[in-house]
Amino acid sequence: MFSLKNVLYFPAGLGFLANMFLLCFYIFLVLGHRPKLTDLISCQLTFIHIMMVLTAGDIWLTDLFASVNIENDFKCKATFYISRVLRGLSICTTCLLSVVQAVTISPNTSLLGKFKNRLKKYMIYAFLWIWSFNISLSSNQIFYIGAYTNVSDTSQMKVNKTCSLLLMNYMIRGVISTVATFRDVFLVGVMVTASTYMVIILLRHQRQCKHLHSNSQLRASPEKRATLTILLLVISFVVMYWVDLIISTTSLLLWKYNPVILTVQKFVMSVYPTITPLIQISFDNRIIIMLKNLQSKCHRICF
């Protein structure tokens, strides 16, 4: 019999395969060549998205826990905690990627251009801060998620077949929601600002080079390809984020999760880590050249 859960398997499978391919490509770049800073950030983002695909919508992580004799309460806490941490890591890393690209393409004489030589020095600190901040911020999931026990208990909000969100103090809920919302809104604002700045830089560069290069040469610019890729990633994330935020906020205010709405939310959250590697593969000229070379070699071997 068809289940709404089956809808989630296609984007999850596609996202896993695409992200695994991209992760192998970035590992090859990091180990064998001199990677760009954006390659290092994209490598981390790809790893995060692989984990998101495996945990999004309780698809494979729940199935894994189901095969192990562990109490439902621990399964619920672990599943929701991991998914919240990964969601936070995804938004922070996407924001970092957009900011680094904005600094990279900015003119040396500009304010941001002065930070170009400092980016590599502070990148490891940025990674450590992103991970530690999100691991600590999402720790509330351990205390306010548990196994669903009583149908008539109004202090629980059922979020799937076995797990529920436990009613918390209004002040505590307000503090947690405020911090999480401020983080998300701030990072989305930074992404939008960085994206707007990159568009302005690209348009200005295109006008300056109009009499020196043909349009085809402009389209083939590696900087322009990288910037367009990140712009698409930011647009995709912002759209998915607002859909997720609207559903989550409405459910918390009504203290009720509709199964169909929950499946829609899970599907939306699985779309971003699925389309991200497809966008990166489509716009990265290095991957396109590698795939074409691989295709020609296979053609020569077979024929």
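Buried means under 20% relative accessible area, exposed over 50% and partly exposed in between, with a 1.4 Å probe and protein chains only. The views below show a predicted model, in which local features need pLDDT of at least 70, side-chain atom pairs count only at pLDDT 80 or more, and totals for chains, interfaces and linings use all residues. Residues are numbered from 1 along each chain as its sequence is written, and side-chain values use heavy atoms, with hydrogens and water left out.

View 1. Ser42 lies in helix 2 (residues 37-55), where helices (H or I, at least four residues) and strands (E, at least two) are DSSP runs numbered from the N terminus. With a relative accessible area of 5%, Ser42 is buried. The Ser42 side chain reaches the backbone oxygen of Thr38 at 2.8 Å. When neighbours within four places in sequence are left aside, Ser42 is in contact (heavy atoms within 4.5 Å) with Tyr26, Leu97 and Gln280.

View 2. Phe127 is placed in helix 5 (residues 119-137) and is buried, its relative accessible area being 14%. Although Phe127 and Ile41 are 86 residues apart in sequence, their C-alpha atoms are 8.7 Å apart in space. Apart from neighbours within four places in sequence, the residues in contact with Phe127 are Leu40, Ile41, Gln44 and Leu96.

**View 3. Asp184 and its two arginine partners, Arg87 and Arg183.** Side chains of opposite charge can pair when their charged atoms come close. A salt bridge is taken here as a side-chain nitrogen of Lys or Arg within 4 Å of a carboxyl oxygen of Asp or Glu, and by this rule the count comes to four salt bridges. In one of them Asp184 pairs with Arg87, the closest N and O atoms lying 3.1 Å apart. This pair links distant parts of the chain, since Asp184 belongs to helix 7 (residues 170-208) and Arg87 to helix 4 (residues 72-105), 97 residues apart. Asp184 counts as buried at 4% relative accessibility, and Arg87 is buried as well, with a relative accessible area of 9%. Asp184 also forms a salt bridge with Arg183, with 2.8 Å between the closest N and O atoms, and both Asp184 and Arg183 are buried.

**View 4. The salt bridge between Arg286 and Asp284.** The side chains of Arg286 and Asp284 meet at 2.9 Å, N to O. Salt bridges that share partners join Asp39, Asp284 and Arg286 into one network. Arg286 is partly exposed, with a relative accessible area of 30%, whereas Asp284, at 11% relative accessibility, counts as buried.

**View 5. The crossing of helix 1 and helix 11.** The axes of helix 1 (residues 9-32) and helix 11 (residues 285-302) come within 12 Å and cross at roughly 100°; axes are lines fitted to C-alpha atoms, for helices over the stretch in contact, and angles run from 0 to 180 degrees between N-to-C directions. Helix 1 is therefore roughly perpendicular to helix 11, a term used for angles of 65 to 115 degrees, with under 35 counted as roughly parallel, over 145 as roughly antiparallel and the rest as oblique. Phe21, Leu22, Phe25, Tyr26 and Leu29 of helix 1 make the contact with Arg286, Ile287, Met290 and Leu291 of helix 11.

Key: Polar contact = N/O pair within 3.5 Å; in protein donor to acceptor, adjacent residues only side chain to side chain.
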